Amino acid sequence: MSRRHQFYARPLLATAAAVAVLAGTAAAAPADTPPDRPATLAAALDDTYYQDALGKTGTELKAALHTIISDQTKLSYSQVWDALKATDEDPANSSNVILLYTGRSQSKNDNGGNADQWNREHVWAKSHGDFGTATGPGTDIHHLRPEDVSVNSARGNKDFDNGGSQLGEAPGNYTDGDSFEPRDAVKGDVARMILYMAVRYEGNDSFADLEPNDQVNNGSAPKMGKLSVLKQWSQEDPPDAFEKRRNDVIFEQFQHNRNPFIDHPEWVGAIW
Ligand SMILES: [Ca+2]
Ligand SMILES: [Ca+2]
């Protein structure tokens with residue numbers, strides 16, 4: 001088997017192992033493990049998907065993760081609609097999705113561009129690096145989430161930071177002239193999505209090298225702030241069942257790559 005062939009075979013093995021765990025055909029999880037997350041899944045991923053990243057730190061870890069997560073299936077922008085209906089499904093109502101900032105449960109079929117419908121929020125604002133909605137970072141569902149049309153507009157392309165006035169339609173979210181603060185329950189989700197994008201997009205394709213920095217007002221630069229705040233949010237809001245399930249659904253059904261910071265939140269501090 002050629003080296004190239006080995007490279008492409010590895011994620012398939014990881015997928016098979018994870019499928020076995022999710023399907024309940026792998027060894028049973030220990031009794032003290034929460035039912036939403038068999039410990040065997042994390043172990044299977046470390047032995048397969050993350051094999052080349054384990055034990056590394058800093059730029060070496062970032063480079064290893066970039067290689068691992070860049071092996072993916074890419075969606076068109078129109079395919080994103082159906083993907084989000086699966087990844088962001090309300091666990092209490094399979095006809096609905098949960099909107100990222102508002103937290104509202106809303107019919108999957110109530111998507112579009114009219115008032116109070118939901119549309120496709122780019123958590124890494126697409127103007128930051130000007131990648132638009134061509135297949136690539138603009139259609140990468142690891143950072144695309146359902147959101148109310150006008151709340152999506154209120155966030156706009158602002159960087160993330162604490163502070164501002166509360167949004168009437170999205171309690172717990174705040175904004176001012178140059179930044180947006182999401183509600184507490186998704187602060188960590190936002191941070192891990194931004195940092196996923198920074199590792200996934202390194203400028204070695206036809207798109208910009210996306211990187212976090214510690215500023216606001218980044219405009220069209222391929223940067224997103226503020227890094228110090230995002231790191232704090234990632235610690236304060238660790239991955240929950242909804243975020244972990246979302247990562248699994250993207251891996252199993254759509255892109256076949258993972259957000260490493262949901263599986264290993266400690267890698268945020270190991271890189272930044
Ligand atoms: Ca969360
Ligand atoms: Ca990057």
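Leaving aside neighbours within four places in sequence, D161 is in contact with S179, F180, E181, V216, K226, V229 and W233. Contact here means heavy atoms within 4.5 Å. The model is a predicted one, in which local features need pLDDT of at least 70, side-chain atom pairs count only at pLDDT 80 or more, and totals for chains, interfaces and linings use all residues. Residues are numbered from 1 along each chain as its sequence is written, chains are lettered from A and ligands numbered from 1 in the order in which they are written, and side-chain values use heavy atoms, with hydrogens and water left out.

D161 sits in the loop between β6 (159-160) and β7 (165-167). Helices (H or I, at least four residues) and strands (E, at least two) are DSSP runs, numbered from the N terminus. D161 has a relative accessibility of 15% and so counts as buried. Buried means under 20% relative accessible area, exposed means over 50%, and partly exposed lies in between (1.4 Å probe, protein chains only).

K226, one of the residues in contact with D161, lies in the loop between β11 (223-224) and α7. A cis peptide bond joins K226 to G225. Its omega is about -5 degrees. L227 belongs to helix α7. L227 is buried, at a relative accessible area of 16%. Residues up to four places away in sequence aside, L227 touches L195, P212, N213, D214 and W272. L227 and P212 are 15 residues apart along the chain, and their C-alpha atoms are separated by 5.7 Å.

Helix packing was examined next. Helix α3 (residues 58-69) and helix α6 (residues 187-200) have axes that come within 8 Å and cross at roughly 90 degrees. Axes are lines fitted to C-alpha atoms, for helices over the stretch in contact, and angles run from 0 to 180 degrees between N-to-C directions. α3 and α6 are therefore roughly perpendicular to each other. Angles under 35 degrees count as roughly parallel, over 145 as roughly antiparallel, 65 to 115 as roughly perpendicular and the rest as oblique. On the α3 side, the contact involves K62, L65, H66 and I69. On the α6 side, it involves Y196, A198, V199 and R200. The residues of this contact divide into 5 nonpolar, 1 polar and 2 charged. Ala, Val, Leu, Ile, Met, Phe, Trp, Tyr, Cys and Pro count as nonpolar, Asp, Glu, Lys and Arg as charged, and the others, Gly among them, as polar.

A198 of α6 is also a donor to the calcium ion (ligand 2). The protein donors of this ion are A198 (O), Y201 (O), E202 (OE), D209 (OD), L210 (O) and E211 (OE). They lie 2.2 to 2.4 Å from the ion. Donors are N, O and S atoms within 2.8 Å of the metal (3.2 Å for Na, K and Ca); water is not among the atoms, so sites may look incomplete. The 6 donor atoms make angles of 80 to 175 degrees, and the site is octahedral. Six donors count as octahedral if opposite donors are over 155 degrees apart and all others between 65 and 115. Along the chain the donors follow the spacing A-x2-Y-E-x6-D-L-E. A198 in helix α6 and D209 in the loop between α6 and β10 (211-212) are 11 residues apart, a pair that links distant parts of the chain. A198 is buried, at 0% relative accessibility. D209 is partly exposed, at 32%.

The calcium ion (ligand 1) is coordinated by A185 (O), D189 (OD), D237 (OD) and D237 (OD), at 2.2 to 2.6 Å. The spacing of these donors is A-x3-D-x47-D. D189 in helix α6 and D237 in the loop between α7 (227-236) and α8 (241-254) link distant parts of the chain, 48 residues apart. D189 counts as buried, at 3% relative accessibility. D237 is buried, with a relative accessible area of 11%.

Q106 is found in strand β3 (residues 105-107). Q106 counts as buried, at 7% relative accessibility. Q106 and N96 are 10 residues apart in sequence and 5.0 Å apart in space, C-alpha to C-alpha.

Positive phi angles occur at D130 and at N217, neither of them a glycine. For D130, phi is about 50 degrees. D130 lies in the loop between β4 (118-122) and β5 (144-148) and is exposed, at 63% relative accessible area. For N217, phi is about 60 degrees. N217 lies in the loop between β10 and β11 and counts as exposed, at 60% relative accessibility.

How values were computed: Tetrahedral: all angles 85-135°; square planar, octahedral: opposite > 155°, others 65-115°.
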